[in-house]
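Work through each exercise with the model open beside you, and try it yourself before reading the solution.

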Amino acid sequence: MIKYVPEMTSVVLEEIPDRVTLAVEISNCRGNCTGCHSPFLRQDVGAPLTPAVIDALVRDNFGVNCFLFLGEGQDPETLLALAAHVRALGMPAALYSGRAEVEEAVWAAFDYVKVGPYLPERGPLNDRNTNQRLYRALGPDETETADLVKAGRKFRDMTARFWRRGIDPLK
Ligand code: SF4
């Protein structure tokens, strides 16, 4: 089971560039960031995130065109199934992982993937010194140079977009 914290669900403009994103905070975090900004997300808190819940959230937030999982929880199979459900709704699935690397199945299931734990001395995405990276899957017609190839898909590193805009994304 994947759980999210309903009262922290929000529509965000900065976390995924060029998207109006519905973001949900996932609990049962398996990360171990030294400077963890939300230790309670490591606990088994919140409510089950199911396809029906996602449908309702998208319906209640008309106009969003991306769905972001802030964290992965501890049930990878269900997480991947939920990502597939998001895509079936016709919008990209995005993941902010706190891990340095994620499995091929994750790269296959998500259209945006952020990797890298939060390190206080390196800062979040909008810090030029950050260790974190946000990648976007390139579409079949896009000719941009890929920075990464995972699960047979090409990804572009979007991290520099955060440096230009000087925004303050979630850690
Ligand atoms: S990913 Fe890191 S910062 Fe985020 S909740 Fe998990 S341990 Fe904390």
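**Exercise 1.** Which residues in the largest nonpolar core touch the most other members?

*Solution.* Keep in mind that this is a predicted model. Start with the core itself, which has 29 residues. Within it, Leu49, Ile54, Phe67, Phe69 and Phe110 touch the most other members. Next, look at where the core comes from: the elements giving two or more residues include α1 (51-60), β5 (66-70) and α3 (104-109). The biggest share comes from α2, with four residues. As general background, nonpolar side chains tend to be buried together in soluble globular proteins.

**Exercise 2.** Find the residues that Phe110 touches, leaving out those up to four places away in sequence.

**Exercise 3.** Describe the overall build of the protein.

*Solution.* First count the elements: there are four helices and 10 strands. Then read their order along the sequence, β-β-β-β-α-β-α-β-α-β-β-β-β-α. The radius of gyration is 15 Å, close to the 16 Å from the globule rule for 171 residues, so the protein is as compact as a globular protein of that length. Finally, buried residues make up 44% of the 171.

**Exercise 4.** Sort the shell around the ligand by class.

*Solution.* Begin by finding the residues around the ligand, among them Cys29, Asn32, His37 and Arg42. Sorting the shell gives four nonpolar, five polar and one charged residues.

Definitions and conventions:
Residues numbered from 1 in each chain as written. Predicted model: local features only at pLDDT ≥ 70, side-chain atom pairs only at ≥ 80, totals over all residues. Heavy atoms only, no water. Near = heavy atom within 4 Å. Nonpolar A, V, L, I, M, F, W, Y, C, P; charged D, E, K, R; others polar. Core = buried A, V, L, I, M, F, W, Y, C linked by side-chain atoms within 4.5 Å. Buried < 20%, exposed > 50% of the residue type's maximum accessible area, 1.4 Å probe, protein only. Contact = heavy atoms within 4.5 Å. Rg over C-alpha atoms; globule rule 2.2 N^0.38 Å.
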